[in-house]
There are 2 protein chains.
Amino acid sequence: MKINDFLCEQWMTEYETEAIYNMTDTSFQALSLQELLSMEEGFPQDLILDYGEITGKKALKQEILKLYQTGNEENIVCFPGALNANQHVMDALLQAGDHVIAFVPGYQQFYDYPLSLGCEVTCLSFHEEQDWKFSMDEVKESIRKNTKMIVLASPSNPTGTMLTKQEWQQLIELCAKNAIYILCDEVYRGLDIEKTISVSDLYEFGISTSSLSKIFSLPGLRLGWVKAAPFIIDQLVIRRDYTMISTGPLLDHLGWIALKNKEKILERNRAILKANQMTLKSWLQENKEFSVVLNEFSPVVFLKYNMDIPSAALCTQVLKEKGIFFVPGTCFGREYHVRLGLGRDPKQFENGLKLFAKWSKEALKKTYFS
Amino acid sequence: MKINDFLCEQWMTEYETEAIYNMTDTSFQALSLQELLSMEEGFPQDLILDYGEITGKKALKQEILKLYQTGNEENIVCFPGALNANQHVMDALLQAGDHVIAFVPGYQQFYDYPLSLGCEVTCLSFHEEQDWKFSMDEVKESIRKNTKMIVLASPSNPTGTMLTKQEWQQLIELCAKNAIYILCDEVYRGLDIEKTISVSDLYEFGISTSSLSKIFSLPGLRLGWVKAAPFIIDQLVIRRDYTMISTGPLLDHLGWIALKNKEKILERNRAILKANQMTLKSWLQENKEFSVVLNEFSPVVFLKYNMDIPSAALCTQVLKEKGIFFVPGTCFGREYHVRLGLGRDPKQFENGLKLFAKWSKEALKKTYFS
């Protein structure tokens, strides 16, 4: 199957190792193995490294379920990451010729993966002037007889868009009459679990994917999952036999430790987010050429700059000169923005932002961008 | 994408937990986490659980390369298991309408996954009367203008078929003129690395996939890889951005420990295989209703029985009555066989075989199979 280059991920792979100030990674500062293991007494030395429980360790599923308001073990199946979970959902539920609705600026997997499966894809806009909301009317007008799935993230990468309960209800109403699936990547959801909504708790055809990679600070475990109705899980399990067998007992066990102790991790990360949001707000007041739509619960924002510099050129130049690392807006289909992550070390974040502002002011005087 | 149920894997998932004598798993007895960690000094407690090296840890790739005669880091990319590696190879290189050649009785992924991608698939036979070899003439006659890939395993699951160097050369000669890819799942290759051949060492369009799950006794790590020419690896890397990002630094590190100390693991497993092969040979002499094609290096064989009992009925009944677990031949498209694995504890293997023979003799007298 033909597929387009994944611009954001290729950019990350190509440049991330050069970063001194990584301002764009959307994971919260990663934990060490020791930090993780210290959360639970006893080292799992007797763990037999066989395939383990095929759809995911039961105790892990029980901890995953605590992130949701509804469901039981039959509603959960594990995958190596949320990206992988999204892939399986689209592989299992979509056929060539189906119509899919996604949103830009957004995560490229959501529109280019279904395109690679032979689907027709409509990309609607997140509107910056409306705090990066999408238009419910535009969704309504875009729904066709063959519309099979809406794919989005909430909070969304890179815009930070998060749907309210009312918006979810409106979207579900549009979808329910035609049994249109809503696949929602919820990797950025849950810092404050009581206040954030999962589509899988609201809608029979709503599919929530998530992982330990973002708000749980454990991208190195590569552990994700799907929560959905059993008739959807069953289809994923059939496909999974062709692609992975299991996530394995080691990752399942470590994931279980993380989720069992999630409040420690989330408390740390809420404090990081709050500190970085405050730093960002002060910085924006001092640097009027930048603006952003802030969402209380989103560790990712899309930073707009009012300078006549293409975003790819800006990003490569500031990385080269100062070691400041961003993913450019062009990787998400929108110029004059860079993706800013709010989950890294607050001191480093503050220093990076200050240096970036200083560099920007100097850079504007130079000629190499004009 | 529609896909058929994966019969062997579904059978394993449904029944494996009921096994007292697991006679059919094709992995060598799995190691514990402690057994693995004890092979190398120092616990990796400082390991930061971030994404790690995107295409796989360099030190791990260096150890993987020692399993091959040619290549460098540019020839390797890591995946969560060989099954997953196979999936990525087929996703990246095949288009709907391409023609694929596979072999039966064989592993269902090799023919039903390309079918799910919209490919035309020809299944040729492994011929039991010719020691489960396939016919080179049949391959030649099956090649069409749109033939894009031949998919097989060597040693093959469940027949144990292993291509000689001469057979590889004949097959490659047939493929080279049309640049037909040969995807070879080599998870059962390497117990005696000097004496077993990788297609990736012989052919520019040859793609070797493998993992730690079978001969390295570590299915629980879910770590596999592809070795192929860089122009193929590049296409896999593009697709990987949509599906997984990385295998993560923890699995890469543990995999590195395993391969750095592979001789310890392989020595143990060669001894297990030899013991079980000897047990099997004696058992076959005493139980003439069974026969098998043995391959010195294959931990999987396809046990033929001369009894008028459908294989699925035989397998469910012997599991229910005696806790003896096999996958039936029907899961591989061939009746009157069961898959026998030679990698588990030798005492257990011997007891299981004896009990199975005893049960068979009694079962033949009963009426529930007739």
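Two strands pair if DSSP finds at least two bridges between them. Helices (H or I, at least four residues) and strands (E, at least two) are DSSP runs, numbered from the N terminus. Keep both rules at hand for the tour.

**Before you click**

This is a predicted model, where local features need pLDDT of at least 70, side-chain atom pairs count only at pLDDT 80 or more, and totals for chains, interfaces and linings use all residues. Residues are numbered from 1 along each chain as its sequence is written, while chains are lettered from A and ligands numbered from 1 in the order in which they are written. Colour by pLDDT, the predictor's confidence in each residue, from 0 to 100. Chain A has a mean pLDDT of 96, and 99% of its residues reach 70 or more. The model scores are ipTM 0.95 and pTM 0.96.

**Stop 1**

Select β12 and β13 of chain A. Strand β13 covers residues 337-341, runs antiparallel to β12(A) and is joined to it by two bridges. Now pick A:Val327: its opposite number in β13(A) is A:Arg339.

**Stop 2: the seven-stranded sheet**

Move to the other sheet of chain A. Seven strands make an open sheet in the order β2-β8-β7-β6-β5-β3-β4, and the pairing is mixed. In chain A, β2 (76-79) and β4 (120-125) stand at the edges with a single partner strand each, so one side of each has no neighbour in the sheet. From one strand to the next, the twist averages 20°.

Zoom in on β5 (residues 147-153) and β6 (residues 181-185) of chain A. These strands pair in the parallel sense over five bridges.

Next, show helix α8 (residues 230-240) of chain A. This helix packs on the sheet and touches β2, β7 (206-211) and β8 (224-227) of chain A. Residues are in contact if their C-beta atoms, placed from the backbone, lie within 7 Å. The direction of α8(A) makes about 30° with that of β2(A). Such angles run from 0 to 180 degrees between N-to-C directions, and axes are lines fitted to C-alpha atoms, for helices over the stretch in contact.

**Stop 3: two helices crossing**

Select α3 (residues 58-65) and α9 (residues 249-260) of chain A. Their axes come within 9 Å and cross at roughly 30°. Show side chains: A:Ala59, A:Leu60, A:Glu63 and A:Ile64 in α3(A) meet residues of α9(A), among them A:Trp256 and A:Leu259. The contact has five nonpolar, one polar and three charged residues. Ala, Val, Leu, Ile, Met, Phe, Trp, Tyr, Cys and Pro count as nonpolar, Asp, Glu, Lys and Arg as charged, and the others, Gly among them, as polar.

**Stop 4: between the chains**

Display both chains. The contact takes 49 residues from chain B and 49 residues from chain A. On chain B, which helix gives the most to the side that touches chain A? It is α4(B), with four residues. That side of chain B divides into 26 nonpolar, 15 polar and eight charged residues.

Finish with the symmetry. Chain B superposes on chain A by a rotation of 180° with 0.0 Å of shift along its axis (RMSD 0.0 Å). The two copies are thus related as by a two-fold rotation axis.

Methods:
Contact = placed C-beta atoms within 7 Å. Least-squares fit on C-alpha atoms with pLDDT ≥ 70 in both.
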